[in-house]
Structure formats: C-alpha cells, structure tokens
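Here is my note on the model, as requested. Please read it with the structure open.

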Amino acid sequence: MKNLQTFAQEFQKEMGWEISTASYQDTRASLLNNYMLLTTEVAEVAEELRKSFNQTNRAIGEGMDESEAFEKAKAMIKEDLGKEFADCIAYITKLANYFEVDLEASFYAKMEEVKNRSNKDIGVSR
Ligand SMILES: [Mg+2]
C-alpha cells in the first residue's frame with residue numbers, strides 16, 4: 001500500500017492533478033472537488049453491479065440457470081469493475097496523501113478496531 005501511495009503521489013504530480021495548496025480557499029475547493037470525484041467513482045462501481053444484475057436477469061429470462069447467468073455477468077463486468085476500483089483508489093490515495101495518512105497502517109488499525117467492536121450487527125449480509 002505504501003508503494004501504491006507513493007506511485008499515486010508521483011503520478012498525480014506528473015499529471016498536474018495535485019491538491020491545490022495556494023490558499024485555504026483553493027485547498028478547500030480542491031479537496032471538495034476530489035471528494036466529489038471519489039463519490040462519482042463509487043457510483044460507477046454501483047453502475048457495474050447494476051449492469052451485472054440486469055445481464056443476469058436477461059440471461060435467466062432466456063432460460064439460463066441462475067448461477068451460470070451470474071457467473072457470466074460477473075466475468076462480463078470484471079475488467080470495468082477493476083477500472084472503477086482503481087479510480088476509487090486513485091482519489092482515496094490522493095486525499096490520504098494530502099493529509100499524510102498511511103493507508104496501510106490505518107486499514108489494519110481499523111480492522112482490528114472492527115474485530116474488537118462490541119456492537120457488531122448480527123445476521124446481516126455484508
Ligand atoms: Mg470511473
């Protein structure tokens with residue numbers, strides 16, 4: 001993850017896509033713009049899921065077995081879903097880098113926190 005964050009930082013610098021730091025107002029606008037772009041990419045993940053469910057339902061309607069239909073739909077979206085995950089990671093790393101957050105350390109610390117949480121939902125699909 002550290003390598004990924006370093007790569008993202010260098011890539012964003014090379015492309016001229018860094019968070020603006022000219023003034024507080026510029027930084028604020030840049031952070032909000034990048035946050036907006038992140039949420040757009042998250043929605044694009046949902047769009048890929050929607051595509052796979054529609055394709056599955058179409059194939060089931062044409063007589064295909066449900067499991068086979070969904071496996072084919074999953075294969076159909078896999079490449080584009082990967083691209084959308086990558087887009088999400090690009091914006092997450094950009095925001096994390098700006099705030100000097102070590103995502104790997106934060107991830108493991110958060111998962112440990114979740115594991116030890118006492119108010120876990122019971123019987124809920126995730
Ligand atoms: Mg995208």
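Predicted model: local features only at pLDDT ≥ 70, side-chain atom pairs only at ≥ 80, totals over all residues.

The points below cover the metal site, the pocket, the salt bridges and the core.

1. Residue numbers count from 1 along each chain as its sequence is written.

2. **Metal donors.** Start with the magnesium ion. Its protein donors are E41 (OE), E44 (OE), E84 (OE) and D87 (OD). Along the chain, the donors follow the spacing E-x2-E-x39-E-x2-D.

3. **What the site connects.** E41 sits in helix α2, residues 24–61. D87 sits in helix α3, residues 66–98. The pair therefore ties together parts that are 46 residues apart in sequence.

4. **Accessibility at the site.** D87 comes out at 28% and is partly exposed.

5. **Largest pocket.** The largest pocket holds about 260 Å³ of space. It is lined by 15 residues. The closest to its centre are F11, Q12, W17, A90 and Y91.

6. **Who lines the pocket.** Helices α1 (2–15), α2 and α3 each supply at least two lining residues. Which helix gives the most to the lining of the pocket? It is α3, with six residues. By class, the lining has nine nonpolar, three polar and three charged residues.

7. **Salt bridges, overall.** The count comes to eight salt bridges. Side chains of opposite charge can pair when their charged atoms come close.

8. **K51 and E48.** These two form a salt bridge, with the closest N and O atoms 2.9 Å apart. Both are in helix α2. They are three residues apart, so about one helical turn separates them. Their accessibility is worth checking on screen. E48 is buried, at 5% relative accessible area. K51 is partly exposed, at 33%.

9. **E68 and K72.** This pair also forms a salt bridge, and here the closest N and O atoms are 3.9 Å apart. The cut-off is within 4 Å, so the pair counts. Both residues lie in helix α3, four residues apart, about one turn of the helix. E68 is partly exposed, with a relative accessible area of 39%.

10. **E71 and K74.** Their side chains meet in a salt bridge at 3.2 Å, N to O. The two are three residues apart in helix α3, so they are separated by about one helical turn. E71 counts as partly exposed at 46% relative accessibility. K74 is partly exposed as well, at 37%.

11. Salt bridges that share partners join E79, D80 and K83 into one network.

12. **Nonpolar core.** Which residues make up the largest nonpolar core? There are nine in all: I19, L31, L38, V45, I77, L81, C88, Y91 and L95. Helices α2 and α3 each supply at least two residues of this core. Helix α3 gives the most, with five.

13. Y91 is among the residues closest to the centre of the largest pocket. Y91 also belongs to the largest nonpolar core. Helix α3 gives the most to the pocket lining, and helix α3 gives the most to the core.

How values were computed:
Heavy atoms only, no water. Donors = N, O, S within 2.8 Å, 3.2 Å for Na, K, Ca; no water. Buried < 20%, exposed > 50% of the residue type's maximum accessible area, 1.4 Å probe, protein only. 1 Å grid on protein atoms, 1.4 Å probe; cavity = no way out; pocket = protein on both sides within 12 Å on 5 of 7 lines; lining within 4 Å. Points joined across faces, edges and corners; volume = space filled by probe spheres on them. Nonpolar A, V, L, I, M, F, W, Y, C, P; charged D, E, K, R; others polar. Core = buried A, V, L, I, M, F, W, Y, C linked by side-chain atoms within 4.5 Å.
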